[in-house]
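Work through these exercises with the structure open beside you. Try each task before reading its solution.

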Amino acid sequence: MDEEIKSFFAPYFSQGHNTHGKTSIITIANQKGGCGKTTTAINLSAALAKRDFKVLIVDLDSQSHASLGIGVDMENLDCSIYDVIVKNIDIERVIVSTYLKNLDIAPATPMLSGAQLEIADLLGREGILRNVLYKMLNTSRKDYDYIIIDCSPSLNLLTINGLVAAMFVLIPIQTHYFALEGMGELFSTIKIVKERLNANLQILGILPTLVDMRTKMNRNILSQIKDYFSDRVFQTAIRVNIALAEASASKKSIFDYAPDSNGAKDYIAVTEEVIALTRPERVPKKDEKENVKKDITRDT
Ligand SMILES: Nc1ncnc2c1ncn2[C@@H]1O[C@H](COP(=O)(O)OP(=O)(O)OP(=O)(O)O)[C@@H](O)[C@H]1O
Ligand SMILES: [Mg+2]
């Protein structure tokens with residue numbers, strides 16, 4: 001991408017406050033595989049839940065990593081997000097609670113991989129998720145402060161559904177050699193969605209992930225990302241931290257698995273940035289900041 005494209009996209013970045021009623025819907029998207037989308041979805045959601053926000057994760061990936069990583073009992077699911085997207089059932093019917101107070105999930109199963117073909121010819125196929133979420137928010141007693149949508153590594157119709165349903169898109173970028181490759185395609189998709197399907201969509205920010213400041217290459221790429229997207233890059237970069245991978249394998253958030261790890265520190269910091277962008281009134285005052293950290297890492 002060049003300077004022209006960069007300035008072209010400037011208006012698409014978040015200008016701040018943007019909610020439906022009290023709910024902020026954030027889609028986590030990047031068609032690159034393994035850049036930390038699901039790790040971010042789980043740990044951002046968990047940190048928000050521990051900050052006393054009511055949070056729903058929507059797993060839009062047939063790999064089901066978000067559902068598995070937060071400990072959904074996959075064997076005993078009657079229905080999943082597949083049934084919502086394809087069979088038009090209310091999303092309340094598939095939502096299950098997690099081990100964390102305030103955190104629910106609409107889980108995915110491998111069946112979701114067939115959904116795209118099944119909805120490909122439907123009129124309004126890009127807005128299916130948006131309609132079901134808004135119906136829930138407008139009519140039911142389920143009220144969420146945040147809905148976090150985890151997408152698959154693809155710009156497929158399900159990811160488009162995620163972008164159409166959201167007010168914000170958060171883009172994790174793994175700081176490796178080809179980090180910026182493919183960004184053009186992602187940004188063109190966001191542009192088209194914004195122009196044709198969801199004028200409210202804003203880019204919440206770019207989140208550098210899997211950062212290893214010990215390597216020169218990583219430092220260079222991080223500074224390239226910052227040059228490129230300037231203040232739209234979150235101040236927090238998520239460092240490489242094995243505890244994050246272990247936490248997912250243990251079906252726990254990083255705050256319950258390793259509360260003192262760098263992974264926990266980084267996700268607390270980025271969550272505070274997300275709150276500042278979406279709920280400025282909930283930003284803690286200077287002297288309350290230490291309590292916030294204690295609240296999030298305290299046992300629940
Ligand atoms: N900061 C980190 N430090 C160490 N390991 C990490 C970190 N972030 C993510 N991982 C691990 O890297 C792998 C990919 O992360 P994750 O699943 O979050 O990426 P993703 O973008 O959701 O992948 P996909 O595109 O397949 O959905 C996982 O095994 C995860 O546990
Ligand atoms: Mg994932």
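**Exercise 1.** How many residues surround ligand 1, and which are the closest?

Solution. Start with the ground rules. This is a predicted model, in which local features need pLDDT of at least 70 and side-chain atom pairs count only at pLDDT 80 or more, while totals for chains, interfaces and linings use all residues. Residues are numbered from 1 along each chain as its sequence is written, and chains are lettered from A and ligands numbered from 1 in the order in which they are written.

Now the shell. A residue is near a molecule if its C-beta atom, placed from the backbone, lies within 6 Å of it. Ligand 1 is surrounded by 21 residues. The closest are Lys37, Thr38, Thr39, Pro153 and Ala245.

Next, the elements. Helices (H or I, at least four residues) and strands (E, at least two) are DSSP runs, numbered from the N terminus. At least two shell residues come from each of α2 (37-50) and α10 (242-249). The largest share, four residues, belongs to α10.

Last, the classes. Ala, Val, Leu, Ile, Met, Phe, Trp, Tyr, Cys and Pro count as nonpolar, Asp, Glu, Lys and Arg as charged, and the others, Gly among them, as polar. The shell around ligand 1 has eight nonpolar, 11 polar and two charged residues.

**Exercise 2.** Describe how α2 meets α12.

Solution. Take the axes, which are lines fitted to C-alpha atoms over the stretch in contact, with angles from 0 to 180 degrees between N-to-C directions. The axes of α2 and α12 (residues 262-278) come within 9 Å and cross at roughly 70 degrees. So α2 is roughly perpendicular (65 to 115 degrees) to α12.

Then list the contacts (C-beta atoms, placed from the backbone, within 7 Å). Helix α2 brings Asn43, Leu44, Ala47 and Leu48; α12 brings Tyr267, Ile268, Val270, Thr271 and Val274. Seven of the contact residues are nonpolar, two are polar and none is charged.

**Exercise 3.** Which residues have the most contacts inside the largest nonpolar core?

Solution. First, burial: a residue is buried if 20 or more other C-beta atoms, placed from the backbone, lie within 10 Å of its own, exposed if 12 or fewer, and partly exposed in between. A nonpolar core joins buried Ala, Val, Leu, Ile, Met, Phe, Trp, Tyr and Cys residues through C-beta atoms within 7 Å. The largest one has 89 residues. Those with the most contacts inside it are Val55, Ile81, Ile148, Ile149, Ala166 and Val169.

Zoom in on Ile149. Leaving out residues up to four places away in sequence, its contacts include Ile25, Val58, Leu60 and Ala166.

**Exercise 4.** Where does aspartate 52 lie, and is it buried or exposed?

Solution. Aspartate 52 sits in the loop between α2 and β2 (55-60). It counts as exposed because it has 12 C-beta neighbours inside 10 Å. Its phi is positive, about 80 degrees, although it is not a glycine. Most residues other than glycine have a negative phi.

Leucine 210 also has a positive phi, near 50 degrees. This leucine lies in the loop between β7 (202-209) and α9 (216-229). Leucine 210 counts as buried, because it has 21 C-beta neighbours inside 10 Å.

**Exercise 5.** How far apart are tyrosine 146 and serine 24, in sequence and in space?

Solution. Find tyrosine 146 in strand β5 (residues 146-151). Tyrosine 146 and serine 24 are 122 residues apart in sequence, yet 4.9 Å apart in space, C-alpha to C-alpha. Beyond four places in sequence, tyrosine 146 touches Ser24, Ile26, Leu48, Phe53 and Val55. With 27 C-beta neighbours inside 10 Å, tyrosine 146 counts as buried.

Note on methods
Parallel < 35°, antiparallel > 145°, perpendicular 65-115°, else oblique. Contact = placed C-beta atoms within 7 Å.
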